[in-house]
Amino acid sequence: MRITDTSDLWWKNAVVYCLDVETFMDWNGDGIGDFAGLAQRIDHLADLGVTCLWLMPFYPTAERDDGYDITDFYGVDPRLGTHGDLVEVIRTANDRGMRVIADLVVNHTSRKHPWFRSAEASKDSPYRDFYVWRSDPPPDTKKDVVFPDQETSIWTLSEPTGEWYLHKFYKEQPDLNVTNPRVRDEVAKIMGFWLQVGLAGFRVDAVPFFLETAGADGGALPEPHEYLRDLRALLGRRSGSGVLLGEVNLPYEQQLQFFGGTDGDELTMQFDFIGMQALYLALARADAGPLATALEGRPTLNPDSQWATFVRNHDELTLDKLSDDERAEVFAAFGPEETMQVYGRGLRRRLPPMLDGDPRRVRMVYSLLFSLPGTPVLFYGEEIGMGEDLDAEGRLAVRTPMQWTSGRNGGFSPAPPRKLPGPVVSGGFAPEYVNVAAQRNDPDSLLSFMKLLIRRYRESPELGWGDFRVLEHSCPEVLAHLTTWDDGSLVALHNLCAEPRTVPLTLEGCDSSHRLVDLLQSGEASVSDKGKVEIPLEGYGYRWLRVVAQDSRRLV
């Protein structure tokens, strides 16, 4: 592989930034974020180093599930702007070196979608088979619901025809019947439309639910993974470098199937939910073991496939793959109050408040994120250390207005607070303490640190492309790992405890002709003739060390 290959598989060392247009920047003063406001803030993202902008749903919606209950897959919510405003954002982002992807939410529609309104009005509707129905009373399916605090069954009675329709999420979100070839054709048209508008791919919502055919008794669906391969092929034909970033919260071996196995011909990328949950367990224990075990347990992927790494997302911070005792450890450390938890399986907090605002720990975690093998994904506001609003309902706790300045509504909007999508964060993480403007020109700010991390990550393609290995040593609190690709090698160390540690390492293939040069600060470490080196770390300390051979031509 060559450095020039990174431009073809751009997403393997991209920096992805997720935002909700509604809560990012209001430019017309009505209290709702809009595309015009996002366009005005594209340069902030470019300055940060973002290379891929992920837009949460911007489609017309009935507003039952924060935009994920869609009433028109081809539309733009008029509160946010027009198709023309979206195209201007895409073009401006492209000009600044950013591709744009958006949520593809095709496992269900809104109950108010024209398809469903027609379907539930009559059994003879041409859209009746777009959904899944049953005529007999359903059994108890409480254990199958996604939102156990909101729903008690995955079937709801539709009065006009006296039949029940399937919905894994809210009852306002009837599931589409993917066994129907007309539904599959519509999904292809939806993808084709937005690719033509200018998107560079999609974050695919709830992929296992999308491919689920249980309950459907209509036409036979081709093997579900064959259908996913068809969608990947469609993307390849329409956009040679497009990406499908899938939400698949399953064990690693099952995730491998959604990549298309070693052929890598289904989802391009998947979020590493297992690694994320192990990270929080490791942080709670101040023991790198759980994270090291998870990373070493990742299956081998096709070179064209990639993991997406994250420490926070737009949803609940799910801990469902941990054991009950492990989950209890994480709850005790980072969400001891019931209001901080959601569905009994996750957290609804942002990272800085969970770490008590300790800048050493916050920076160590983000340094770790960017050093892990894969593509880092940020949720808006992470670059400045935003907090959450625990008074908000459920997952909305982390979807608060972006904090641009210390002024009114955090500079998000001049409108009265009652017109905003939700309250601005108050308390110690309020805009008067945490905002973009105050951090922009502060070299010691979290924003400046994140810019450095992103710059170094982009200059180190081995982090996205390379072979990964956990390094053995005698400090259980420290994760030390090595990534190697082409002629580049990088050693990263992260101390998960408050006490200083000195980590002894042996680097195979290295001798006294090699140097270890710090990438996040000034300094370097020398290596012995036998490849031995001792690396001191402060409490919650972190170091990225580039292995530099005597004849290396890489810039350090």
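Predicted model: local features only at pLDDT ≥ 70, side-chain atom pairs only at ≥ 80, totals over all residues.

Reply: Residues are numbered from 1 along each chain as its sequence is written, and side-chain values use heavy atoms, with hydrogens and water left out.

Me: Is α14 roughly parallel or roughly antiparallel to α16?

Reply: Helices (H or I, at least four residues) are DSSP runs, numbered from the N terminus. Axes are lines fitted to C-alpha atoms over the stretch in contact, and angles run from 0 to 180 degrees between N-to-C directions. The axes of α14 (residues 359-371) and α16 (residues 446-458) come within 10 Å and cross at roughly 20 degrees. Angles under 35 degrees count as roughly parallel and over 145 as roughly antiparallel, so α14 is, relative to α16, roughly parallel.

Me: By class, which residues make up the contact of α14 with α16?

Reply: Contact means heavy atoms within 4.5 Å. V362, R363, Y366, S367 and F370 in α14 meet L446, F449, M450, L453, I454 and Y457 in α16. Ala, Val, Leu, Ile, Met, Phe, Trp, Tyr, Cys and Pro count as nonpolar, Asp, Glu, Lys and Arg as charged, and the others, Gly among them, as polar. The contact of α14 with α16 has 9 nonpolar, 1 polar and 1 charged residues.

Me: Is α10 roughly parallel or roughly antiparallel to α11?

Reply: Helix α10 spans residues 273-285 and helix α11 residues 289-296. Their axes come within 7 Å and cross at roughly 160 degrees. That makes α10, relative to α11, roughly antiparallel.

Me: Which residues of α11 does α10 meet?

Reply: From α10, the contact uses I274, G275, A278, L279, L281, A282 and R285. By class, the contact has 8 nonpolar, 1 polar and 1 charged residues. On the α11 side are P290, L291 and A294.

Me: Which element gives the most to the lining of the largest pocket?

Reply: A pocket is an open set of points on a 1 Å grid over the protein atoms alone, where a 1.4 Å probe fits, with protein on both sides within 12 Å along at least five of seven lines; lining residues have an atom within 4 Å of a point. The largest pocket is lined by 42 residues, with V146, F169, A206, F209 and N249 nearest its centre. With 3 residues, the element giving the most is α7.

Note on methods. Helix = DSSP H or I, 4+ residues; strand = E, 2+ residues; numbered from the N terminus. Parallel < 35°, antiparallel > 145°, perpendicular 65-115°, else oblique.
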